[in-house]
Amino acid sequence: MRQVTVGKMCMLALLMAGFVAGCGPAATSSATTTADGKQVSPPLGVTVTFGSFGGSSGATNQGINTVINGDFGTTAASTLVTGFHDAGAGCTYTETGSNVGLVNGKIFTAAPPPTVGCPSEGTATTSASAMQAATDATAIFNNLSPASRAGGTDPGAGQLGGLVLAPGIYKAAGGSFLITGTDLTLDAKGDATAVWVFQSASSLTVGDAGAPRSVILVNGALAKNVFWYVGSAATINAAGGGAMVGTIIASAGVTFSTSGVTAITTLNGRALSLNASVTMVNTVINVPAP
């Protein structure tokens, strides 16, 4: 009996080894580095086409100059989206004369349809797409976290303004990152695959009280390769203006500019929120090419 038991155990061990080996490709699909230690971008799933995702809380636009050059979604009902429309006939989401935002892609929400004249949105189909975006956004958030990508440094003690940074992981020692005083420059050093990951356990604030700030890309740096992990909320240029870069994924919402400000604030990237709304005031979002 002992020999049979040992034999079975050996066979089980071999089967387990084969199973693990067979799972190898799936396990590396969310790898954070290449074989030579370079950072790689997280898999974006369906969010690759999204300029904005408002978690379960929707989105609000103020002003007439907001444009999302990509898709927009939320797992919330269409009634929690205000100040937007897309190309669908009659597909407007609580717009007023002073709050008009164009989505040049598609809008994905839960029921009901936004208007009687737009029966193709706010449906079970668009809700399912939004739910998938929520799942993929959570996976991105986890992939970018310090738990998944350790070793981040903080060269400016939380202040990124005025720095010129090479590709790598940057973690705010105090929990928050600021880009104030002057702009942040990201230098790819000729490598178009160079990736930056910024991790802030708490907040991200871009811009001074009276002046916007920007992220400048040089020497081959690409917006699609810049990522901002934000444990709470991100505030982007409350004074209006400026050009932010990268995929911002925040647990507790993203806010662009301030009500009443007419200067256009630009994001070349994505604003993805897991649990709160995305608020835009005269904001242009350009989704990077894959």
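I started with Asn237, which is buried, at a relative accessible area of 0% (buried is under 20%, exposed over 50%, partly exposed in between, with a 1.4 Å probe and protein chains only). Asn237 also has a positive phi of about 50°, though it isn't a glycine. I found Asn237 in the loop between β17 (234-236) and β18 (243-250); strands here are DSSP runs of E, at least two residues, and helices are runs of H or I, at least four, numbered from the N terminus.

Next I checked Ser257. Its phi is positive too, about 60°, and again this is not a glycine. Ser257 sits in the loop between β19 (254-256) and β20 (265-273). Is Ser257 buried or exposed? Buried, with a relative accessible area of 5%.

I flagged these because most residues other than glycine have a negative phi, and most peptide bonds are trans.

Then the peptide bonds: the one from Ala111 to Pro112 is cis, with omega near 10°. I placed Pro112 in the loop between β8 (107-110) and α3 (124-144).

A note on confidence. This is a predicted model, where local features need pLDDT of at least 70, side-chain atom pairs count only at 80 or more, and totals for chains, interfaces and linings use all residues. Residues are numbered from 1 along each chain as its sequence is written, and side-chain values use heavy atoms, without hydrogens and water.

The chain's mean pLDDT (the predictor's confidence in each residue, from 0 to 100) is 91, and 90% of its residues reach 70 or more. Over residues 1-29 the pLDDT is below 50, and beyond near neighbours in sequence I get one contact for that stretch (heavy atoms within 4.5 Å). Where pLDDT is low, the predicted coordinates should not be read in detail.
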